[in-house]
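Please look over the sequence and the model first.

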Amino acid sequence: MLENFSKTAELKFTELSPEEKEARGILGRLYGPMASIVRPTRNGRKYTDSLWEKAFQNPLVQELFNAGGVPGELDHPADREETCSEKIAIMMPEPPTKGPDGQLVGYFDIIDTPCGKIAYALAKYGFNLGISSRGTGDTYEDVNGDEIVDEDTYNLNAFDLVLLPACKDARLRLAESYD
């Protein structure tokens, strides 16, 4: 499964029939860059290639993919790290791929939940929603003085839809809609 992530490759991103979308409760799909392994985030932290490799190989993340995908919320929660079922708006059905410019590229199904309906309305309006990782881990300063997120302590919880993403380029486009 992580072959896609470790190589520059295309996502599976299969078109869904209207019947399958309706049966699965999918309103649409968002697609685009979701993180950078080259540039730091707006808060000055760098996430390395090997950090993302470990994050997506984590047994708990793999369990979520095997169960149907990694769920994400509309906005980061302010008071918790775990994902709340009532706040889920999107599902990431497969790990991202690495683009040639050092970005992780992925897609997310917008699901038919109250928060998913808000996300879908914003995307249909033409707003390119941001996507931002939610996780915990320590940081350290490298020899260049950069703040690096420690791959050995980082635990990925989710990717959430946000208005202002930590990575400026992490903006998703509505790639497929139910209409």
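Leucine 163 sits in the loop between β10 (155-162) and β11 (173-177). The model is predicted. Leucine 163 counts as exposed, because its relative accessibility is 51% and the cut-off for exposed is over 50%.

Leu163 also belongs to a nonpolar patch on the surface.

## The largest pocket

Rolling a probe the size of a water molecule over the atoms shows where empty space is left. The largest pocket holds about 360 Å³ of space. Its lining counts 24 residues. Nearest the centre lie Arg45, Tyr47, Ser133, Arg134 and Gly135.

Which strand gives the largest share of this lining? That is β7, with five residues. Both β1 (26-36) and β7 (130-136) supply at least two lining residues each. By class, the lining has ten nonpolar, ten polar and four charged residues.

## The second largest pocket

The second largest pocket has a volume of about 220 Å³. Residues lining the second largest pocket include Asn58, Leu60, Val61, Leu64 and Pro71. Also in this lining are Glu82, Thr83, Asn155, Leu156 and Asn157.

Two elements, α4 (59-67) and β10, each supply at least two residues of this lining. By class, the lining of the second largest pocket has five nonpolar, four polar and one charged residues.

How values were computed: Residues numbered from 1 in each chain as written. Predicted model: local features only at pLDDT ≥ 70, side-chain atom pairs only at ≥ 80, totals over all residues. Heavy atoms only, no water. Patch = residues over 30% accessible without salt bridge, like charges linked within 9 Å, V, L, I, M, F, W, Y side chains within 5 Å. Areas by Shrake-Rupley, 256 points an atom, 1.4 Å probe, with all protein chains shown as cover. Salt bridge = Lys/Arg side-chain N within 4 Å of Asp/Glu carboxyl O. Helix = DSSP H or I, 4+ residues; strand = E, 2+ residues; numbered from the N terminus. Buried < 20%, exposed > 50% of the residue type's maximum accessible area, 1.4 Å probe, protein only. 1 Å grid on protein atoms, 1.4 Å probe; cavity = no way out; pocket = protein on both sides within 12 Å on 5 of 7 lines; lining within 4 Å. Points joined across faces, edges and corners; volume = space filled by probe spheres on them. Nonpolar A, V, L, I, M, F, W, Y, C, P; charged D, E, K, R; others polar.
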